Amino acid sequence: MQAVSIIEESNCQLLCSKSRIAPTKLMTILRLELCACLLLSKLTRKVISALKMQIESMQLWSYTTISLVGINTPANLLKTFVGNRVSQIQQLSKDF
C-alpha cells in the first residue's frame, strides 16, 4: 500500500503477505499465476475491510503479463478453470 501526502511524498509499507505451495498436480503457468492473483484479490479485500479506513485508490500488481491478459479477457471466452478464477478476480477487484 502506498500513501501519498499533499506534498507528493509517498510511503510504501508491507501490511501482510500470504503464499501457497504449488500443487503436486501439474498446472500451466497461467493457471498458477491466476491462482496467485485470486489469492491477492481475496487478501486485499480482507485487509481493506480490516483497516476500516477510507482508501482513495489501490493498485494490484502482477509479475507476469500472461495473467493480466487473462484477467482482462471476458470470463465466458475462457476454459472453465481459468474462467472461474478470472470471474472471481474481476468481481473482487472491480472496486479498486
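A polar contact is a pair of N or O atoms within 3.5 Å; within protein, one must be able to donate a hydrogen and the other to accept it, and residues adjacent in sequence count only if both atoms are side-chain atoms. The model is predicted, so local features need pLDDT of at least 70 and side-chain atom pairs count only at pLDDT 80 or more, while totals for chains, interfaces and linings use all residues. Residues are numbered from 1 along each chain as its sequence is written, and side-chain values use heavy atoms, with hydrogens and water left out.

Q: With which side chain does the side chain of Ser62 make a polar contact?
A: Ser62 lies in the loop between H1 and helix H2 (65-71); helices are DSSP runs of H or I, at least four residues, numbered from the N terminus. Contact means heavy atoms within 4.5 Å. Leaving out residues up to four places away in sequence, Ser62 touches Glu33, Cys37, Ser67 and Leu68. The polar contact, at 2.8 Å, is with the side chain of Ser67.

Q: How far apart are the end C-alpha atoms of H1?
A: The expected span of a helix is 1.5 Å times one less than its number of residues. The 23 residues of H1 should therefore span 33 Å. The distance between the end C-alpha atoms agrees with this, at 33 Å.

Q: Is Leu43 buried, partly exposed or exposed?
A: Leu43 belongs to helix H1 (residues 29-51). Buried means under 20% relative accessible area, exposed over 50%, and partly exposed in between (1.4 Å probe, protein chains only). Because its relative accessible area is 22%, Leu43 is partly exposed.

Methods
Helix = DSSP H or I, 4+ residues; strand = E, 2+ residues; numbered from the N terminus.
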